[in-house]
Amino acid sequence: MSTSLDEEDTRALAGREVALIDILDRLLQGGVVLAGDLVLSIADVDLVRIDLRAVIAPVDAEHPAPPLL
Amino acid sequence: MTDIAQHMVYAYAVLRPTPEAARAVAALRGVADEQVGLVETGDLAAAVGPVPAREFGEAALKARLEELPRLETLARGHHGVVAALAPLGAVLPLRLATVYRDEDRVRQMLQERRDEFLPLLERLTGHVEWGVKVYTDAGGETAAAAPEDDAGDSGLSPGRAYLAARRRRRRGAEDAWQAAVRTAARIADEAGEIAVERVAHRPQRGELAKAGGAEAGENIANDAYLVPADRAEDFRARVLAATEGQEGVRVEVTGPWAPYSFALPPAPVAHRESA
């Protein structure tokens, strides 16, 4: 596996000046969704109003995680 | 087991277990300032870190996600790890706050999902994500028009001058909106020439959106594009060129990102379309 990104890309990727809202777009709407041992149900997270209500439910046999990846 | 576990395992990304990956994680600290490491099983690995159970248990995590400053710390910590691993060439970022009881559970997850992770890694290898946001540029419009307005309205009474200025502003806003829509469409066309996939995120609104830039107009498009890494700069240049000479429009290109927006199965979750 070779890297095709140069150093500038690397710095940009690691940049701390990235806007929080752009990170949250990706971390709350993107990313692989897995059934962790805690499942975040963040469908109703409304970033528009910074109304960050997240519902976390434990995974168990009676309430299996929704079909994820 | 009589004692309660002191730590849980926070998972950041799925990747291939290469020596480069092992070296990369060795230099990383995660969301709890913990040493990040790899959990490996066969041809897959997860970048994970042990985090205090009292901070990452159900209730604590829920509370943390509801407080913006603490959410920010968590999100930036997660992003920092993913961003540092992205240059390895293939990384599947996990969604925020994916937490396991222990490393065995992570291994189990990797094994269970192997048949889905491998093709996804294959598809994303050598690609980066770019964000393209199109805004109406109402602020710039008003500011630019102001001196001219004063000159043009000098013969009018204050009341008429006010009304004339207001009409112009409203017309300006409509024009800006139309221009932004046209620009967004042109950008999507241009971007599609290079990108292999596109995901439309919700337009950004509210306080957090304003924090990004004081002059922000209304965000009318918030798209992510999956672009071959060797055409990354080409992509950015092309998108920016497509916006040149457009009045009343501001375009922001962010990235390159790890392919967060494309680390999903072709499923109903996001609005996916072929670029």
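Me: Is B:Glu55 in this predicted model buried, partly exposed or exposed?
Reply: Happy to start there. The model is a predicted one, and B:Glu55 has a relative accessible area of 29% in it. Buried would need a value under 20% and exposed one over 50%, so with 29% B:Glu55 counts as partly exposed.

Me: Which residue meets the side chain of B:Glu55 in a salt bridge?
Reply: The N to O distance of this pair is 3.6 Å, and a salt bridge needs the two atoms within 4 Å.

Me: How far apart are the closest N and O atoms of B:Glu67 and B:Arg70?
Reply: Here both residues are partly exposed: B:Glu67 has a relative accessible area of 38%, and B:Arg70 has 33%. Their side chains form a salt bridge. The closest N and O atoms are 3.4 Å apart.

Me: Where do B:Arg107 and B:Asp104 both lie?
Reply: These two side chains meet in a salt bridge of 2.8 Å, N to O. B:Arg107 is partly exposed at 28% relative accessible area, while B:Asp104 counts as exposed at 54%. The two are three residues apart, about one turn of the helix. Both lie in helix α5 (residues 103-124) of chain B.

Me: How many salt bridges are found over all chains?
Reply: A search of the whole structure, over all chains, gives a total of 19.

Me: Which side chain makes a polar contact with the side chain of A:Asp22?
Reply: Good one to look at in the viewer. A:Asp22 sits in helix α2 (residues 20-29) of chain A, and its relative accessible area of 3% makes it buried. Its contacts, leaving aside neighbours within four places in sequence, include B:Gln204, B:Thr254 and B:Trp257. The polar contact, at 2.8 Å, is with the side chain of B:Lys133.

Me: Which residues are linked with A:Asp22 in a network of salt bridges?
Reply: B:Lys133 and B:Glu252 are among the residues in contact with A:Asp22. The network takes in residues of chain B together with A:Asp22 of chain A. Those linked with A:Asp22 are B:Lys133, B:Arg250 and B:Glu252.

Me: What does the secondary structure of chain B come to, and what share of its residues count as buried?
Reply: Among contacts in chain B between residues at least 6 apart in sequence, 77% join residues at least 24 apart. Its accessible surface is about 12,900 Å², with 51% belonging to carbon and sulfur atoms. The secondary structure comes to nine helices and nine strands, and of the 275 residues the buried share is 48%.

Me: With which strands of chain B does β1(B) pair in the antiparallel sense?
Reply: Strand β1 (residues 7-15) of chain B is mostly covered, with eight of its nine residues buried. One pairing runs over eight bridges, and in it B:Val9 has B:Pro50 as its bridge partner. The other runs over six bridges, with B:Val14 opposite B:Leu92. The strands are β3 (residues 44-52) and β4 (residues 91-100).

Me: What is phi of B:Ala97, and is the residue buried or exposed?
Reply: Most residues other than glycine have a negative phi. B:Ala97, in strand β4 of chain B, has a positive phi although it is not a glycine. Its relative accessible area is 3%, which is under the 20% cut-off. Phi is about 65°, and B:Ala97 is buried.

Me: Where is B:Asp33 placed, and is this residue buried or exposed?
Reply: B:Asp33 also has a positive phi, near 60°, in a residue other than glycine. Its place is the loop between α1 (19-26) and β2 (37-41) of chain B. With a relative accessible area of 52%, B:Asp33 is exposed.

Technical notes:
Residues are numbered from 1 along each chain as its sequence is written. Chains are lettered from A and ligands numbered from 1 in the order in which they are written. This is a predicted model: local features need pLDDT of at least 70, side-chain atom pairs count only at pLDDT 80 or more; totals for chains, interfaces and linings use all residues. Side-chain values use heavy atoms; hydrogens and water are left out. Buried means under 20% relative accessible area, exposed over 50%, partly exposed in between (1.4 Å probe, protein chains only). Helices (H or I, at least four residues) and strands (E, at least two) are DSSP runs, numbered from the N terminus. Two strands pair if DSSP finds at least two bridges between them. A polar contact is a pair of N or O atoms within 3.5 Å; within protein, one must be able to donate a hydrogen and the other to accept it, and residues adjacent in sequence count only if both atoms are side-chain atoms. Contact means heavy atoms within 4.5 Å. Accessible areas come from the Shrake-Rupley method with a 1.4 Å probe; for residues, only the protein chains shown count as cover.
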